[in-house]
Amino acid sequence: MRAFAAVAAHSSFTEGARQVGISTKLASKYVGQLEDRLNAQLFNRTTRSVTLTDTGRSYYERCLPLLEQFDELEGLVQQRQSELAGRIRVTAPTGYGSAELIHLLKPFQAQHPKVSIDLHLSDHHVSMVEEGYDLAIRFGALKDSSLVARKLMDMRIVCCVSPDYLALCGTPSEPAALANHNCLLQTVGNNTDHWSFKGPDGEYSVAVTGNFRANSPRAVANMASDGLGIGRIPMYTAQPFLNSGQLQLLFEAQEAVSLGLYAVYPQNRHLTARIRALIEHLAGQLRRS
């Protein structure tokens with residue numbers, strides 16, 4: 001059933017087998033045995049695609065809760081033991097996951113060596129239930145009502161610029177002056193070309209333009225550090241550049257925007273002991289940071 005669900009989630013025997021940790025040949029064998037037992041065809045197979053039949057889709061929708069209940073049963077047993085074990089599939093944004101998150105995961109895995117973490121990095125929101133993820137680390141407000149989000153922290157969104165750019169183009173005296181500068185735009189999120197600030201009369205926005213756009217805050221940081229323009233990015237992305245002196249902050253006292261960082265999981269899933277322990281670990285680490 002696990003092999004079948006993984007193949008269904010990824011529409012691929014190769015990828016499904018990889019997720020379960022078995023060979024493609026064995027995944028195909030397991031699915032074939034399941035079809036024989038049920039006396040039903042679960043997949044339409046061609047040389048180019050693997051798609052669920054109507055029967056297969058009905059079976060898939062019903063087997064997912066059963067697999068979750070099995071995980072819950074395992075979790076209850078593990079909870080009565082002193083040692084956590086098992087796999088946690090986590091998805092996270094590429095920039096945050098490859099830098100900050102892996103440093104947070106290291107002490108957790110040192111403490112729980114029998115827990116294996118399968119980390120998938122993507123800047124696109126994946127379907128947690130359909131693709132079989134246990135936990136997602138996400139920035140911003142939750143849009144999917146079928147998920148539960150626990151806030152881990154608020155991340156500052158900062159304006160930053162290189163000393164070389166300021167030497168060449170001058171320092172903007174106030175946020176409104178950004179209209180006369182080359183601004184590097186991050187295309188993930190809302191209001192790409194309007195940056196918010198706070199003033200004596202409350203929050204206001206400034207229209208900005210520039211000759212570079214990217215869907216990655218790291219790309220914006222790299223371009224800003226090379227002196228191309230002024231960027232606005234999450235603090236976790238900016239911090240290494242600030243530490244090295246490649247970038248410096250602008251309008252720090254007038255920052256109006258922060259971005260919530262959340263641990264997200266399906267609401268109909270009872271968290272296993274290992275997933276609950278990971279969420280508590282992340283929350284504790286970020287509280288102390």
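A pocket is taken here as an open set of grid points with protein on both sides within 12 Å along at least five of seven lines. In this predicted model, the second largest pocket has a volume of about 580 Å³. Its lining comprises 27 residues, and those nearest the centre of the pocket are Arg-2, Asp-71, Arg-87, Arg-89 and Gly-132. By class, 12 of the lining residues are charged, nine are nonpolar and six are polar. Helix H4 (54-79) is among the elements that supply at least two residues each, together with helices H1 (2-10), H2 (13-20), H6 (128-131) and H10 (273-288) and strand S3 (86-92). The greatest contribution to the lining comes from H4, with seven residues.

Helix H2 also packs against another helix. The axes of H2 and helix H3 (residues 24-38) come within 8 Å and cross at roughly 100°; H2 is therefore roughly perpendicular to H3, since angles of 65 to 115 degrees fall in that class. On the H2 side, the contact involves Phe-13, Thr-14 and Ala-17, which meet Thr-24, Ala-27, Ser-28 and Val-31 of H3. Four of the residues in this contact are nonpolar and three are polar, with no charged residue present.

A further site concerns Phe-251, located in the loop between strand S12 (248-250) and strand S13 (258-266). Phe-251 has a relative accessible area of 9% and is therefore buried, the cut-off being under 20%. With residues up to four places away in sequence left out, Phe-251 touches Pro-172, Ser-173, Glu-174, Pro-175, Leu-178 and Phe-197. Phe-251 and Glu-174 lie 77 residues apart along the chain, while their C-alpha atoms are separated by 7.3 Å.

How values were computed. Residues numbered from 1 in each chain as written. Predicted model: local features only at pLDDT ≥ 70, side-chain atom pairs only at ≥ 80, totals over all residues. Heavy atoms only, no water. 1 Å grid on protein atoms, 1.4 Å probe; cavity = no way out; pocket = protein on both sides within 12 Å on 5 of 7 lines; lining within 4 Å. Points joined across faces, edges and corners; volume = space filled by probe spheres on them. Helix = DSSP H or I, 4+ residues; strand = E, 2+ residues; numbered from the N terminus. Nonpolar A, V, L, I, M, F, W, Y, C, P; charged D, E, K, R; others polar. Axes fitted to C-alpha atoms, helices over the stretch in contact; angles between N-to-C directions. Parallel < 35°, antiparallel > 145°, perpendicular 65-115°, else oblique. Contact = heavy atoms within 4.5 Å. Buried < 20%, exposed > 50% of the residue type's maximum accessible area, 1.4 Å probe, protein only.
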